[in-house]
Amino acid sequence: MDQQTEQDKLESIATPGVLDKYQNAGKIVNVVLEKVIAKIQPDADIASICAFGDQEINGELQKVYNKKNIEKGLAFPTTISANQICGHYSPLKSENSNLAKGDVAKIQLGVHIDGFIAIAAHTVVVGEDQVEGQKADVILAAYQSVQALYRSIKPGTTNTALTKLIQQIADDHKCTPLEGVLSHEVKRHFIDGNKVIINRETQEQRVDEEEIQVNDVFVLDVYITTGDGKTKESDLRTTVYKRALDRQYQLKTKHGRAFMQEVYEKYPSLCFSLRAFEDEITAKLAVQECAKHELLNPYPILISPNSIVAQFTITVAVLANSTIQISGLKLDETKFKSAHDLNDPALKELLKLPMDKDSQKKRHQEQKQKA
């Protein structure tokens, strides 16, 4: 067995303590996500809420794993993306905008403990308790899709079969899965593992078929739009980045070197926002130099023009007899009145399945007996 395989084995959820770290990260994600959602109100300042989310993550992390020398922090900064903005909107204080009543706001954030990652995203409508029309259609389509994936992802399931579920549910709600989105397997310190589930398959965008395996951990990331599914880059400043692990370059400027040194120390492998840097002007200059030499991977702000985009993201761990949801919040579907419904009775039954561990084990045993 080669060294890499040995390392993978040590960092697998089968190793004692690893699943606990994922789950503790997931608990913090859910606690902070609920706190951020509570601040989503008309006229609320997006930059301030994003900063609040990051501060709350750091505060919650101070309560866990303090007796051991364990690295912990943000895996993904707090982002709040409204309406046609697909994601990654985490504005600088000087370039901020405010939420408005009726906005469809997508909140995403992530946490890691010892490099083990949990991420979640949730969609809300600002200032509205009851939601109808296209907003209800797109939000229910995204939520039901991620719930269908959660109930279907298990050893032996193919990634292509999961993609078809998203398409089927979106079609029934008269919406479209967003192109260019991938749900990634996550590994220690790696937010974008090689095994993926594509959100929408097209002639131009396909992935190799792979089977889900025992001990896989996935961030199931579903985006649905009322538009045609295509995206384009917006004029908004990119503020979310991740260090390019395969690139090395000695920067020429003093501020560029100081900036990258802080990235190495605080965000060696995972995502961060320029908001985290004290000197905003210097950070903006430094990131331009870093981008020129490809030291950072950007997370650009894309839009689905003239449409509404909804996103739900959960992190799951695939065991032999069950799948555990590590992060992600429930949606009260009774508050959303869609003009459309799912057409496939089997799909409706799938979404009704209880996902507690005992129910999953019982279903697994029944399937083995039938086989």
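Domain 1 and domain 2 bury about 1400 Å² between them in this predicted model. Carbon and sulfur atoms carry 61% of that area. On the side of domain 1, Pro77, Leu92 and His189 lose the most area to domain 2. Together these three residues make up 31% of what that side buries. The size of an interface is often given as the accessible area lost when the parts come together.

The domain assignment sets the bounds. Domain 1 covers 11–237 + 300–369, and domain 2 covers 240–297. Their centres, taken over C-alpha atoms, are 27 Å apart. In contact terms, 25 residues of domain 1 meet 13 residues of domain 2.

Polar links also cross this interface. Six residue pairs are in polar contact between the two domains, with both residues at pLDDT 80 or more. H3 and S1 each supply at least two residues of the side of domain 1 that touches domain 2. S1 gives the largest share of that side, six residues. The rule finds three salt bridges across the interface. Elsewhere in the list of charged pairs is Glu95 with Lys284, a salt bridge whose closest N and O atoms are 3.9 Å apart.

The largest nonpolar core has 56 residues. Ile13, Tyr22, Val36, Ile40, Ile80, Leu99 and Ile191 have the most contacts inside it. Several elements each supply at least two residues of this core, among them helix H2 (18–38), helix H3 (46–61), strand S1 (72–82) and strand S2 (104–113). H2 provides the largest share, nine residues.

Leaving aside neighbours within four places in sequence, Val36 is in contact with Ile49, Phe52 and Gly53, among others. Its contacts also include Thr78, Ile80, Ile107 and Leu109. A second, separate core has 39 residues. Tyr143, Tyr150, Ala170 and Leu331 are among them.

Ala170 leads on to Thr176. Thr176 sits in strand S5 (residues 176–177). Its relative accessibility is 14%, so Thr176 counts as buried. Beyond four places in sequence, Thr176 is in contact with residues including Ala170, Arg200, Ile224 and Thr225. Gly227, Asp228 and Gly229 are also in contact with Thr176. Thr176 and Ile224 are 48 residues apart along the chain, yet 5.6 Å separates their C-alpha atoms. A polar atom of the Thr176 side chain lies 3.0 Å from the backbone oxygen of Gly227.

Lys195 is in the loop between strand S6 (182–185) and strand S7 (196–198). Is Lys195 buried or exposed? At 8% relative accessibility, Lys195 counts as buried, because the cut-off is under 20%. What does the side chain of Lys195 meet in a salt bridge? The partner is Asp216, at 2.8 Å, N to O. This pair links distant parts of the chain, with Asp216 in the loop between S7 and S8, 21 residues from Lys195. Asp216 and Lys195 are both buried. A polar atom of the Lys195 side chain also lies 3.3 Å from the backbone oxygen of Glu211. Not counting residues up to four places away in sequence, Lys195 touches residues including Ser183, His184, Glu185 and Glu210. Ile212, Gln213 and Phe218 are touched by Lys195 as well.

The structure holds 21 salt bridges. One of them joins the side chains of Glu11 and Arg188 at 3.5 Å, N to O. That pair spans 177 residues. Glu11 is in the loop between helix H1 (3–10) and H2, while Arg188 is in the loop between S6 and S7. Arg188 is partly exposed, with a relative accessible area of 23%.

The side chains of Lys266 and Glu262 meet in a salt bridge at 3.0 Å, N to O. Why are Lys266 and Glu262 separated by about one helical turn? They are four residues apart in helix H6 (residues 254–266), which means about one helical turn between them. Glu262 counts as partly exposed, at 24% relative accessibility. Finally, salt bridges that share partners join Glu11, Lys21, Asp114 and Arg188 into one network.

Conventions. Residues are numbered from 1 along each chain as its sequence is written. This is a predicted model: local features need pLDDT of at least 70, side-chain atom pairs count only at pLDDT 80 or more; totals for chains, interfaces and linings use all residues. Side-chain values use heavy atoms; hydrogens and water are left out. A nonpolar core is a set of buried Ala, Val, Leu, Ile, Met, Phe, Trp, Tyr and Cys residues joined through side-chain atoms within 4.5 Å. Buried means under 20% relative accessible area, exposed over 50%, partly exposed in between (1.4 Å probe, protein chains only). Contact means heavy atoms within 4.5 Å. Domain bounds come from an automatic or database domain assignment. Buried area is the accessible area (1.4 Å probe) that two parts lose on being put together, summed over both. A salt bridge is a side-chain nitrogen of Lys or Arg within 4 Å of a carboxyl oxygen of Asp or Glu. A polar contact is a pair of N or O atoms within 3.5 Å; within protein, one must be able to donate a hydrogen and the other to accept it, and residues adjacent in sequence count only if both atoms are side-chain atoms.
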